[in-house]
Amino acid sequence: MPDSPETTRYEPSRAEPEVFARWEDAGVFRSDPADDGRETFSIAIPPPNVTGALHMGHALNGSIQDALIRLNRMRGKNVRWTVGTDHAGIATQTKVEQALVAEGTSREEVGREAFLERTQAWRQQYGGTIIGQFRRLGCSADYAHERFTMDDGYVEAVLKVFVALYEQGLIYRDTYLVNWDPGSRSAISDLEVEDREETDTLVEIAYPLKEAVGDLTEVVVATVRPETMLGDVAVAVNPQDDRFKHLIGSTVVLPFVGRELPIIGDDYVKTDFGTGCLKITPAHDPNDFELGNRHGLEPLNVIGEDGRITGGYAPQFEGLTAAEARTAIVDALREQGAIRGEEPYVHTVPFSQRSGERIEPLISLQWFMRMDELAKPAADVVRDGRVRIHPESQSRRYLAWLDEIRPWVLSRQLWWGHQIPVWYRADEVYCGTTAPEGDGWERDPDVLDTWFSSALWPFATLGWPEETPELEAFYPTSVLSTARDILFLWVARMVMTGLRFAGDVPFTDVYCHSVIQAPDGRRMSKSLGTGIDPLDLIDGGPRPAVFAKKGKKGKLEDPGDFPAYGADAVRFGLLAMSSTQDVRFSEEKIAQGKQLTTKLSNAVRFAVGRLEEHLEGAAAGVTGETLPTRLEDRWIVSRTERIARETAQRIDEFDFSKAALGLYDFVYGELCDWYLELVKGRDAATDPDLARVLGWALRRTLQIAHPVIPFVTEESWSTLPGAEGLLAVSPLPATDDALLSSDAEERLGRVIDVITTVRSWRNGANVPPGPVLPVRVEAEGYDDEALALIARLARLESSTDAGDAVPVAIPGGQLAILAGEHVDPEAERARVEKRRAEVEQAIASTEGRLSNEKFVSRAPAEVIAAERAKVDALREELRTL
RNA sequence: GCGCGAUUAGCUCAGUUGGUUAGAGCGCACGCUUGACAUGCGUGAGGUCACAAGUUCGAGUCUUGUAUCGCGCACCA
């Protein structure tokens, strides 16, 4: 809706892009590594997936980091916020492959080189989306230094680290059982596997003994994966198991294949599970692999990289997928009469987070990284506090993971990524940052796990391995803010590489933010229909059904669209939602943010109206030496100073919810509801303190609110007399205890109490809020100044009239209000009765406590005194009723 | 299975080292065309603080147990 003379409301959709342009034109986001003695504050953004679009987690994390960055920029620190994107090997490759398939071709057909060119082009076209979205959110990052995990300098860093770790013996090539993802046709790391519960069938299969042992002609094994039996190399029993231990050393014959399998003894076999006899398939089961190694058994591959039966041991099953083979094998066994039992069995099964397909453990030749040597220093820096993890509970998870660290499978059978810098020629192996001299060398076709390059992010983005001024100035970074789920995948590995290659921890504080769930408690996800695009909140957009507002009487409302809340509101809402644990998305919090922005801009408009003819006064400000004298002025100065300190401290402590909600409470509950109302009776022309204090209080409020709601504060700042330059770079004044006044806070607190009491009385006694009523003040502790404030906002006027009055209890006495014909006797009597019952009950409970001998003898004196004071006050009030 | 965390108003959440009559926002009810704001203002109703036992003069807060939910980690075919 366009502005019109009637609607001067603040419109985020109009103001926010303008304000952002103002910041960029002024270059306030740009970092400068100049060593000018200033303290530095730096953050490296967790690089989002280059294929991705902004989701709620990015928006929350962007809001968090920007709040930290803006606060510290206004403190005068030399600030650097590095942004960029991650090449996201599998995700990106998949997208481009899909496009090729849609065109009727494939990556194999176009070849590696063309495929990579195609992928680069794709990234150029779509890779910028998410960074643009961060800008829309108001993130004040140093966009001029945007990085990508495959840009030239970054590649150099990755190669250098790989070669160094190879030379140090930490990176090696080995044949090992890995998590094979048939979907992406690549090995993946343990951390990319997720377990899901599946109902399979536990099948009991008879393997005939080659020679009967006594009466026994067969052993029965139990398995959920009969299709792997073609690769069986042994049957194991527990050597303590009296049923079977005498079979150790005997031989069984594998159905279909005819292979002779030894019966071996191993403690690993549970006697109370299944049949007590375990078939051993080292090539396709992690436990069997280890057991096979212990017994010197040779693994036999029967499932290939395509997830199909291979090996040629049983031609009738060759080429079937694992799932098909399972059915076929069980059917064939059933025909042979070899099935001894079948029962449903619920267990957890590994799936690829990448492709969603079931993991096939396969033996293959891969590059690995030994982690034990790197883990210890990474654990030490957390134990000794050089890296602090917030909330603290997460550091226990971090340490527990490092304690049980396993080698990391580095190689991925992909094309998009950092190709492994190793070349082979016959038996020769060469590892180096450039190709070896001579003919006949062939480079390893695999690429590195994307997280290998991500692990270098905090220093590679600052120019490492060059010794750049940026690296000197901004490393170690200050804070890393991220979701918990990549604490291991990423954070721990950054600590390891940072310590080893950049000579220091990569950051001093790690903040693990909440995961925002859908309102029904499920995870936010596009496929579930529980995700929302933050841009749809900012600029308006479709509201998915689970986000529908609850109608009256539980009726489902048409979800409709989100209104355009604006970036400030979304930032506020996300910060207000966040917590030390996961939270549900709450549109109300976003709406609260919208209200705050509207309220604040209205408050500024009010102030501008009062100040525009008193510019000099408005600009003068308030210091400890130039304190105002009036009660409400001293109060707002003290309250503003306090909230400014609290808010900054809460942001520093990563308590974003309290920071945001505290600002809301202050702006609504103190600045607007009280201060602005209290000063409305004053005239700036004759009252120089008014312009001075009003201008100061609003400027300070805009400053301290700016890290949370940067747009509306900047826009308002530009209209406010006495505010110079851009708010984003306006220096925060040092804290000054002289601005605080507990006395003014207490005295004005009483004024507020009395006004509220009178309003409440009016409402309960059916006295209209409008008319100004005469009152006899029969109470101690109120000076003329306080009484004048009370009179105006409670709509009372002092009187000496001795007529009939309604007594209203206030601290220190009562107000005798001459309500005349306004009072509704019935309502008044009901009010008094109700209140009398409450007060009597409170007196009874308090006196009960005070007459308890043990309470009086054991409770601290101040608690007893408070109870006595309470009972006195209640008795006083009862007297007026 | 082991570990961590949660359970407070209809909804989403605060609640400091145990100490008044447990708070906020939204929603709800009533009132208000008060000069920044009706996307506003004022007032109010609404809670056995999951359950049970214990410690204490006193427990939403501390201890133990139970239930429900969530999240990690480990998993036996």
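Contact, as used here, means heavy atoms within 4.5 Å.

## Basis of the model

This is a predicted model, in which local features need pLDDT of at least 70 and side-chain atom pairs count only at pLDDT 80 or more, while totals for chains, interfaces and linings use all residues. Residues are numbered from 1 along each chain as its sequence is written, chains are lettered from A and ligands numbered from 1 in the order in which they are written, and side-chain values use heavy atoms, with hydrogens and water left out.

Aspartate 181 lies in strand E5 (residues 171-181); helices (H or I, at least four residues) and strands (E, at least two) are DSSP runs, numbered from the N terminus. Because its relative accessibility is 0%, aspartate 181 counts as buried, a term for under 20% relative accessible area, with exposed over 50% and partly exposed in between (1.4 Å probe, protein chains only).

Leaving aside residues up to four places away in sequence, aspartate 181 touches Ser186, Ile188, Ser352, Arg354, Ser355, Glu357 and Ile359. Its side chain makes polar contacts with the side chains of serine 184, at 2.7 Å, and serine 352, at 2.8 Å; such a contact is a pair of N or O atoms within 3.5 Å, where within protein one must be able to donate a hydrogen and the other to accept it, and residues adjacent in sequence count only if both atoms are side-chain atoms.

## The four-stranded sheet

Four strands form an open sheet in the order E29-E28-E31-E30, with mixed pairing, where two strands pair if DSSP finds at least two bridges between them. Strands E29 (796-798) and E30 (806-810) stand at the edges with a single partner strand each, so one side of each is left without a neighbour in the sheet.
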